Amino acid sequence: MAQQVRGVVAHSKGKAVSVETITVPDPGPGEAVVKVQACGVCHTDLHYREGGINDEFPFLLGHEAAGLVESVGEGVTDVRPGDFVILNWRAVDGTCRACRRGEPWYCFSTHNAAEPMTLESGQALSPALGIGAFAEKTLVHAGQCTKVNPAARPEVAGLLGCGVMAGIGAAINTGGVGRGDSIAVIGCGGVGNAAVAGAKLAGATTIIAVDIDPRKLQWAREFGATHTVNGAEVDVVEAVRELTGGNGADVVVDAVGRPETFRQAFYARDLAGTAVLVGVPTPDMTFELPLIDVFGRGGSTKSSWYGDCLPERDFPMLIDLHLQGRLPLEKFVSETIALDDVEEAFHKMERGEVLRSVVVL
């Protein structure tokens, strides 16, 4: 039977969120109901509240989550009730042109649940990134459930569902950082510091953290940055070049997503290096470069979707590395909060006071 639970809803652009009673349907074919145990407060949720994604209000926010599968629908075999899972927002279909050519992380036909969750009035909710996990329970496609080792704490594991995976993947999967490489990361919030942690994990020997907030630069050192650059005090491009023998970094990750930071990333990379955009720009932003510089500097510029991850491959591996003490996911959790505290968590995030506030249910 359908269940009524509490969830965080954004009703209109720019307005404070509220905790509402929502109805979660029984899972249909290929679907699962998940009892949410923890969900991180991500910038993307704020983008939804501000109307920066689309205007399909009301939204059921939250997507960076972990929990227990409660029930599954017909035909579901990969997960079963009781499994501890991380939710992902790119459940690959396995048959689209990207999947057929062996690049499922680019899947163009990802899965979501078919039936909507609703308000008490019956009005359909738009779940953030097809998940909607600022709720006691949520309905998702079973492919959005990735089973991992239950020894990991939910508030830590759930972070791989979005921001931390995006940063680690931007460095390792998209940027291809490896042993002995140099990397610069522009913007040291949750995603940027995850890129720093990923670079350390991959064996990079020069890891340069760039930000204008000294507090965030200190966080970056704790995640493995070997050098820090305050962009408010020095020229970022020149500083990165100076720290890399005058050449520029092998990989530069822009975790901010603004024209000025992506320009820094482009010029701070070495000849034939790689610039990776993982910070999300707004639709009105534009970017222009002299075409001769694009040609003359060689290398590549890439965008990183979800860290170019494959959840079924990457989530279990990264959880295992965390449990081995090699990936300090716990350092990303600045505070744990209740559903009623999400609005204040948005304000803390805007002020740069936290890496992640995590709702624990």
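Colleague: Lys 216 has no salt bridge, so how far away is the nearest side chain of opposite charge?

Modeller: This is a predicted model: local features need pLDDT of at least 70, side-chain atom pairs count only at pLDDT 80 or more, and totals for chains, interfaces and linings use all residues. Numbering starts from 1 along each chain as its sequence is written, and side-chain values use heavy atoms, leaving out hydrogens and water. Lys 216 is buried (under 20% relative accessible area, 1.4 Å probe, protein chains only). A salt bridge needs a Lys or Arg side-chain nitrogen within 4 Å of an Asp or Glu carboxyl oxygen, and for Lys 216 the nearest opposite charge, on Asp 211, lies at 4.8 Å.

Colleague: Which helix holds Lys 216?

Modeller: Helices here are DSSP runs of type H or I with at least four residues, numbered from the N terminus. Residues 214-223 form the one that includes Lys 216, helix H6.

Colleague: Which side chains of strand E6 point the opposite way from Phe 84 and Ile 86?

Modeller: Strands are DSSP E runs of at least two residues. In a regular strand the side chains alternate between the two faces of the sheet. E6 covers residues 84-87, all buried, and the other side chains are Val 85 and Leu 87.

Colleague: What stands opposite Val 85 in E10?

Modeller: Pairing requires at least two DSSP bridges between strands. E6 and E10 (residues 145-147) pair antiparallel over 3 bridges. The residue opposite Val 85 is Lys 147.

Colleague: In E6, which residue is the bridge partner of Ala 66?

Modeller: Strand E5 (residues 64-72) runs antiparallel to E6, joined by 3 bridges. Ala 66 has as its partner in E6 Ile 86.

Definitions and conventions:
Buried < 20%, exposed > 50% of the residue type's maximum accessible area, 1.4 Å probe, protein only. Lys, Arg positive; Asp, Glu negative; His and termini not counted.
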